[in-house]
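Open the model in your viewer and keep the sequence panel beside it. Each stop below tells you what to select and what is there.

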Amino acid sequence: RGKSNYTHMAPTASFYGLQAQTLEGEPFDFDQLKGKRVMIVNTASKCGFTPQYEGLEALHQEFKESGLVILGFPCNDFGKQEPGTADEIGAFCERNYGVSFQMMEKVSVKGGEQHPVYQWLCTAALNGAGDHTVRWNFHKFLIDEEGRLVSSLRSAVGPEDADIRAFASGK
């Protein structure tokens, strides 16, 4: 469990070559994630799945010392469920869910404005694993310690899922 479902090809772009901005507007280079297990999730404050913030924070607290990094990317692509500014998003996450994992800038995860991180996650030629479509908020991507995309999980797969927990724990 928690192992890759993909037959990997050689990716044309390295996960560790990616960059994004944090919610505070600081540059975040993905090369600092080498050797870490990474979960990337697109988030929203006004979504039926928003309570998953609580489970994501619990995972972060339990496994951050053993190499799990969670990156939350606020997204307003689905139902306009993340209308807030960076300050509003940060205050909401902290006030309602005590979020201390790394929140990134608000991005588009699909369409013509798709952020380069999501281009990599969703394009087999770039990630070497498979093509994916993010269909709603709280879609999760799991990237192993070697920078390989190992799983793409729909919104309904919660943070307490056995496969996510196995990945988070490094098993």
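Select Phe15 in the segment before S1. Helices (H or I, at least four residues) and strands (E, at least two) are DSSP runs, numbered from the N terminus. This is a predicted model, in which local features need pLDDT of at least 70, side-chain atom pairs count only at pLDDT 80 or more, and totals for chains, interfaces and linings use all residues. Residues are numbered from 1 along each chain as its sequence is written, and side-chain values use heavy atoms, with hydrogens and water left out.

Is Phe15 buried or exposed? Phe15 is buried, because its relative accessible area is 2%. Here buried means under 20% relative accessible area, exposed over 50%, and partly exposed in between (1.4 Å probe, protein chains only). Accessible areas come from the Shrake-Rupley method with a 1.4 Å probe; for residues, only the protein chains shown count as cover.

Now show what surrounds Phe15. Leaving aside neighbours within four places in sequence, Phe15 is in contact with Phe30, Leu33, Val38, Ile40, Trp120, Ile143 and Gly147. Contact means heavy atoms within 4.5 Å. Then draw a distance from Phe15 to Ala86: their C-alpha atoms are separated by 25 Å, and the two residues are 71 apart along the chain.

**Salt bridges**

Side chains of opposite charge can pair when their charged atoms come close. A salt bridge is a side-chain nitrogen of Lys or Arg within 4 Å of a carboxyl oxygen of Asp or Glu. By this rule the count comes to four salt bridges.

Select Glu145 and Arg37. Their side chains meet in a salt bridge, 3.7 Å from N to O. Glu145 lies in the loop between strand S6 (140–143) and strand S7 (149–153) and Arg37 in strand S3 (residues 37–43), so the pair ties together parts that are 108 residues apart in sequence. Glu145 counts as partly exposed because its relative accessibility is 33%. Arg37, at 6% relative accessibility, counts as buried.

Move to Arg148. Its side chain meets that of Asp144 in a salt bridge (2.8 Å, N to O). Arg148 is partly exposed, with a relative accessible area of 37%. The side chain of Arg148 also meets that of Glu146 in a salt bridge, at 3.9 Å from N to O. Glu146 counts as exposed at 57% relative accessibility. Salt bridges that share partners join Asp144, Glu146 and Arg148 into one network.

Go to Glu82, in the loop between strand S4 (68–74) and helix H2 (86–97). Show the contacts of Glu82: not counting residues up to four places away in sequence, Glu82 touches Thr43, Ala44, Ser45, Pro74, Cys75, Asn76, Ile89 and Lys106.

**Positive phi**

Select Lys80, which lies in the loop between S4 and H2. Lys80 has a positive phi of about 50° although it is not a glycine. Lys80 counts as exposed because its relative accessibility is 61%.

Next, select Phe138 in the loop between helix H4 (124–127) and S6. Phi of Phe138 is also positive, near 70°, in a residue other than glycine. Phe138 is buried, with a relative accessible area of 0%.

**A charged patch**

Switch to a surface view and select Glu24, Glu26, Asp87 and Glu88. These residues gather in a patch of negative charge on the surface. Patches are made of residues with over 30% relative accessible area and no salt bridge: like charges are joined within 9 Å, nonpolar side chains (Val, Leu, Ile, Met, Phe, Trp, Tyr) within 5 Å. The place of a charge is taken as NZ of Lys, CZ of Arg, CG of Asp or CD of Glu.

Glu24 lies in the loop between strand S1 (19–21) and strand S2 (27–29). At 60% relative accessibility, Glu24 counts as exposed. Asp87 lies in helix H2 and is exposed, with a relative accessible area of 67%. The C-alpha atoms of Asp87 and Glu24 are separated by 8.0 Å, with the residues 63 apart along the chain.

Definitions and conventions: Lys, Arg positive; Asp, Glu negative; His and termini not counted.
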